[in-house]
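Work through the following exercises with the sequence and the model side by side. Each task is followed by a solution that goes step by step.

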Amino acid sequence: MEKRYCLECSTELKGRSDQKFCSDYCRNTYNNKVDKETKNLIRNINNRLKKNYKILSELNTTGKIKVSRTKLYDKGFDFQLFTSIYNTKTGNTYFYIYNQGYLALENDLFLLIKKEL
């Protein structure tokens with residue numbers, strides 16, 4: 001029978017023929033390394049989306065309000081990240097972060113709206 005070794009620490013395996021790891025620790029360590037860069041990228045983007053959502057939620061307590069671009073920037077809002085876009089029949093483009101949306105108006109103002117789910 002061919003010798004098998006743990007994918008993480010290279011310890012010789014004994015037991016089941018389909019066994020890949022010598023312990024739960026090695027299995028967890030190995031799986032945490034797999035796609036680490038991709039997981040970090042996704043985690044970072046999700047954290048930035050959460051921050052944007054929190055900013056919109058804090059500013060828009062009534063469901064509809066106008067705020068300046070400066071106010072959004074000062075709080076750390078990132079205009080490059082959003083979850084969806086809605087184009088109206090009149091040509092307006094709303095950017096949404098989940099159910100919190102914003103529409104660019106004249107004079108660096110934004111209309112913040114909350115879509116009820």
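**Exercise 1.** What does the accessible surface of the protein chain come to, and which percentage of it belongs to carbon and sulfur atoms?

*Solution.* This is a predicted model, in which local features need pLDDT of at least 70 and side-chain atom pairs count only at pLDDT 80 or more, while totals for chains, interfaces and linings use all residues. Residues are numbered from 1 along each chain as its sequence is written, and side-chain values use heavy atoms, with hydrogens and water left out. With the Shrake-Rupley method and a 1.4 Å probe, the accessible surface of the protein chain is about 8,800 Å², and carbon and sulfur atoms account for 49% of that area.

**Exercise 2.** Describe the secondary structure of the protein chain, and then its overall extent.

*Solution.* Begin with the DSSP runs, where helices (H or I) need at least four residues and strands (E) at least two, numbered from the N terminus. The protein chain has three helices and five strands, arranged along the sequence as α-α-β-α-β-β-β-β. Its radius of gyration, taken over C-alpha atoms, is 24 Å, well over the 13 Å that the globule rule (2.2 Å times the number of residues to the power 0.38) gives for 117 residues, so the protein chain is more spread out than a compact globule. Next, the C-alpha trace spans about 75 × 30 × 20 Å along its principal axes. Finally, 25% of the 117 residues count as buried, that is, under 20% relative accessible area, whereas exposed means over 50% and partly exposed lies in between (1.4 Å probe, protein chains only).

**Exercise 3.** Find how many aromatic pairs there are, and explain which parts of the protein chain the pair of Tyr53 and Tyr98 ties together.

*Solution.* Rings of Phe, Tyr and Trp (its six-membered ring) pair if their centres lie within 6.5 Å, and planes under 30 degrees apart count as stacked, over 60 as edge-to-face and the rest as tilted. By this rule there are eleven aromatic pairs. One of them joins Tyr53 and Tyr98, edge-to-face at 5.9 Å centre to centre with 70° between the planes. Because Tyr53 lies in helix H2 (residues 36–59) and Tyr98 in the loop between strand E3 (93–97) and strand E4 (100–104), the pair ties together parts that are 45 residues apart in sequence. Tyr53 is partly exposed at 28% relative accessibility, and Tyr98 is partly exposed at 45%. The rings of Tyr102 and Phe110 also form an edge-to-face pair, since their centres are 5.9 Å apart and their planes stand at 70°.
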